[in-house]
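Morning, everyone. I have one structure to walk through today. Please have a look at it first.

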Amino acid sequence: MKNKWKVGFFVLLGVVIIGLAIIVSMIFMPIKDDTLPKNSENPNQEVGFNVNTNKKDLNLIIEHYIEKEGMKGPVDYNVQLKDDVELKGSVPVFTSNIDFKLDFEPKALENGDILLKQKSISVGSLDLPVSYVMKVMRDSYNFPDWVKIQPNDELIYVSLQEMELKSDIKVRAKEFDLKDDNISFRLLVPVDRAQ
């Protein structure tokens with residue numbers, strides 16, 4: 001009877017040690033970033049329209065887009081625009097999920113894309129590296145191809161120039177100031193001027 005308890009104890013101890021070794025190796029494993037798009041010149045003629053919006057309306061559009069396009073994947077996440085861009089979700093750890101919240105500072109780039117630089121993180125009561133959480137987030141969630149997650153640089157690159165919309169309309173960010181609720185985009189509509 002004592003031998004069964006000893007064997008059971010050592011098997012359980014081995015499982016715990018292997019589990020800890022897997023977690024430690026995942027945390028310290030080198031992380032590969034997504035490749036960022038190159039600026040592409042569009043030879044087509046385009047007509048531009050400026051669109052101004054606010055956080056409240058843009059939050060509704062983001063929520064609708066995530067739901068409609070099936071971006072949720074196996075684990076739910078949500079994006080909220082407040083004074084920063086908040087990304088909330090959960091990270092799978094063993095048989096449970098740990099809630100996290102990442103805050104990003106947005107910046108509209110000259111090419112019309114948006115750069116989200118990681119500002120703060122909270123992951124339950126754990127102290128996990130930001131790069132690890134962003135890697136798990138990138139690998140677990142169903143983000144569109146035009147959202148590039150860079151765990152090593154702790155940023156998200158939103159390549160609006162790669163976003164595909166109906167009628168080949170392109171979107172470029174002009175202003176993305178969440179604190180002052182000053183958000184504007186330029187819509188580029190392709191036209192055929194040959195007549």
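Let's start with one residue. Ser 120 sits in strand S5, which covers residues 114-123. Keep in mind that this is a predicted model.

Is Ser 120 buried, exposed or partly exposed? Its relative accessible area is 30%. Buried would need under 20%, and exposed over 50%, so Ser 120 counts as partly exposed.

What does Ser 120 touch, leaving out residues up to four places away in sequence? The list is Lys 101, Leu 102 and Asp 103. With Asp 103 there is a polar contact, side chain to side chain, at 2.9 Å. Now look at Glu 86. Ser 120 and Glu 86 are 34 residues apart in sequence, yet their C-alpha atoms are 9.6 Å apart in space.

Next, the strand partners. S5 pairs with strand S4, residues 96-108, in the antiparallel sense, and 9 bridges link the two. Within that pairing, Lys 117 of S5 stands opposite Glu 105. The hairpin of S4 and S5 has 5 residues between its strands. Gly 112 takes a positive phi there, near 95°.

S5 also pairs with strand S7, residues 155-158. That pairing is antiparallel too, with 4 bridges. One example: Leu 115 has Tyr 157 in S7 as its bridge partner.

Now two loop residues. Glu 154 is in the loop between strand S6, 147-150, and S7. Glu 154 is not a glycine, but its phi is positive, about 55°. Its relative accessible area is 29%, so Glu 154 is partly exposed.

Asp 181 is in the loop between strand S8, 170-177, and strand S9, 182-191. Again we have a positive phi of about 55° on a residue that is not a glycine. Asp 181 is partly exposed, at 33% relative accessibility.

Last, the core. The largest nonpolar core has 36 residues. Which of them touch the most other members? They are Met 137, Ile 156, Leu 160, Phe 176 and Phe 185. Helix H3, residues 130-140, gives the most to this core, with 6 residues.

H3 itself is mostly covered, with 10 of its 11 residues buried. Met 137 is one of those buried residues. Tyr 132, Lys 135 and Arg 138 are among them as well.

Finally, Phe 185. Leaving out residues up to four places away in sequence, its contacts include Phe 49, Val 51, Leu 58, Ile 114, Leu 160 and Phe 176. Asn 50, Thr 53, Arg 172 and Lys 174 are also among the residues that Phe 185 touches.

How values were computed: Residues numbered from 1 in each chain as written. Predicted model: local features only at pLDDT ≥ 70, side-chain atom pairs only at ≥ 80, totals over all residues. Heavy atoms only, no water. Core = buried A, V, L, I, M, F, W, Y, C linked by side-chain atoms within 4.5 Å. Buried < 20%, exposed > 50% of the residue type's maximum accessible area, 1.4 Å probe, protein only. Contact = heavy atoms within 4.5 Å. Polar contact = N/O pair within 3.5 Å; in protein donor to acceptor, adjacent residues only side chain to side chain. Pairing = 2+ DSSP bridges.
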